[in-house]
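Hello,

Here is the structure we spoke about, with its sequence. Please look through it first, and then read the notes that follow.

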Amino acid sequence: MNTSLIFQCFRCQKSVLNMTMRSVHSKRMIKKMKWFRAKKEKKSLKVREPNPPEPMWNVKELNELPNGWTPPPQSIPKNYPFAVLRSKAEWLPVYTRYRQGHPFTLVRHVIGDVDAFAKELHHITDTEPIKRLGTIEIKGNHVRHVRRWLTHLGF
């Protein structure tokens, strides 16, 4: 018996030969059964890459949780002219806000040389940061990128 002519029926859950399908099922149901079988065969033929490309910073080294939280460092690094303090819930203060439908990334709690921090952000995000009272704004949604960069620096 040729196995390529056998299809699985959705209604009765039985294997049906191609010749006897027309007497039991409509043309539309026969098309569906053939389409699902072809889809199942395509899934089994998919080949995954053996090694995906490495990210810029290794997430395992950063101990990053799926929601983006990273544990705070033991002490704030002293070798930078600026520092970013964490919030009360120990999150990095990097947020997204929307104005007129456009996303903005906000970085709060920056102490020290704010101009040096803005210059570094300009190199990281390729957009000009806007210095506001107590915050730094960047056009676009760069939250994940800025959080990883700050975690990599040790904040």
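**Thr 105 and its surroundings**

In this predicted model, the side chain of Thr 105 comes to 2.7 Å from the backbone oxygen of Gly 140. Thr 105 belongs to strand S5, which covers residues 102-108, and, with a relative accessible area of 0%, Thr 105 counts as buried because that term applies to anything under 20%. Apart from residues up to four places away in sequence, Thr 105 touches Val 94, Tyr 95, Ile 136, Glu 137, Ile 138, Gly 140, Asn 141, His 142 and Val 143.

**The nonpolar core**

The largest nonpolar core is made of 19 residues, and those with the most contacts inside it are Phe 117, Leu 121, Leu 150 and Phe 155. At least two residues of this core come from each of strand S3 (82-84), helix H4 (114-125), strand S8 (135-139) and helix H5 (143-153), with H5 giving the largest share, five residues. If neighbours within four places in sequence are set aside, Leu 150 is in contact with Val 84, Leu 92, Val 94, Phe 117 and Phe 155.

The average pLDDT of the protein is 76, and 68% of the residues score at least 70. Among the elements, S5 has the highest mean pLDDT, 95, whereas helix H3 (residues 59-62) has the lowest, 50. Please take care with residues 55-60, where pLDDT stays under 50 and for which the model has seven contacts beyond four places in sequence.

Best wishes

Definitions and conventions
Residues numbered from 1 in each chain as written. Predicted model: local features only at pLDDT ≥ 70, side-chain atom pairs only at ≥ 80, totals over all residues. Heavy atoms only, no water. Core = buried A, V, L, I, M, F, W, Y, C linked by side-chain atoms within 4.5 Å. Buried < 20%, exposed > 50% of the residue type's maximum accessible area, 1.4 Å probe, protein only. Helix = DSSP H or I, 4+ residues; strand = E, 2+ residues; numbered from the N terminus. Contact = heavy atoms within 4.5 Å. Polar contact = N/O pair within 3.5 Å; in protein donor to acceptor, adjacent residues only side chain to side chain. pLDDT = per-residue confidence, 0-100.
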